[in-house]
Amino acid sequence: MSRWIRLYKEGYAEGLAVGKEQGRNDGFSTGRSTGRELGEELGYYLGFTETILSTVVKEEKNERKLRLLNSLLELVKDFHHLNTSSADYQLNLTRVRAKFSQVLSLLQVSQSLHPHRQSSSLNF
């Protein structure tokens, strides 16, 4: 084997190893940041929903509001059990956001409280 071919193969192997490590680190960093943002958003929905359920809605005895809030609560609580590599992941996130928008509308609460509208950086 000529010297140039050996150097080429060594350089290729070294570049591949460095590239894999850098890709792994970049992926980890992006995943951590996106996961944190998603956790904050879902936590907001969960806290909002549980607060409304425990105070306002139970006093009113409005079945439609209760049903919609319980539906949102179920979607949010089940969300973390989903496989993030699934093709339905983005669809499920969209469903949670849409359900939250319905809740805000039914409660006649400003859409400015919608965390996804405040920060549109959470995209997949």
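**The nonpolar patch and the helices**

Modeller: Tyr8, Tyr12 and Leu16 together make a nonpolar surface patch of about 370 Å². Bear in mind that this is a predicted model. Tyr8 sits in helix α1, and its relative accessible area is 60%, so it counts as exposed, the cut-off being over 50%.

Helix α1 covers residues 3-60, and Ser54 belongs to it too. With a relative accessible area of 52%, Ser54 is also over the 50% cut-off and therefore exposed.

On to helix α2. Asn62 caps its N-terminal end, with a side-chain oxygen 3.0 Å from the backbone nitrogen of Arg64. The helix itself takes in residues 63-79, and its 17 residues, at 1.5 Å a residue, should span 24 Å; the end C-alpha atoms are 24 Å apart, so the geometry agrees with expectation.

Last stop is helix α3, residues 89-107, where you'll find Asn92. Here the relative accessible area is 15%, and because buried means under 20%, Asn92 is buried. The side chain of Asn92 makes a polar contact with the side chain of Arg95, at 3.2 Å.

Note on methods
Residues numbered from 1 in each chain as written. Predicted model: local features only at pLDDT ≥ 70, side-chain atom pairs only at ≥ 80, totals over all residues. Heavy atoms only, no water. Helix = DSSP H or I, 4+ residues; strand = E, 2+ residues; numbered from the N terminus. Buried < 20%, exposed > 50% of the residue type's maximum accessible area, 1.4 Å probe, protein only. Patch = residues over 30% accessible without salt bridge, like charges linked within 9 Å, V, L, I, M, F, W, Y side chains within 5 Å. Areas by Shrake-Rupley, 256 points an atom, 1.4 Å probe, with all protein chains shown as cover. Salt bridge = Lys/Arg side-chain N within 4 Å of Asp/Glu carboxyl O. Expected span 1.5 Å × (residues − 1). Polar contact = N/O pair within 3.5 Å; in protein donor to acceptor, adjacent residues only side chain to side chain.
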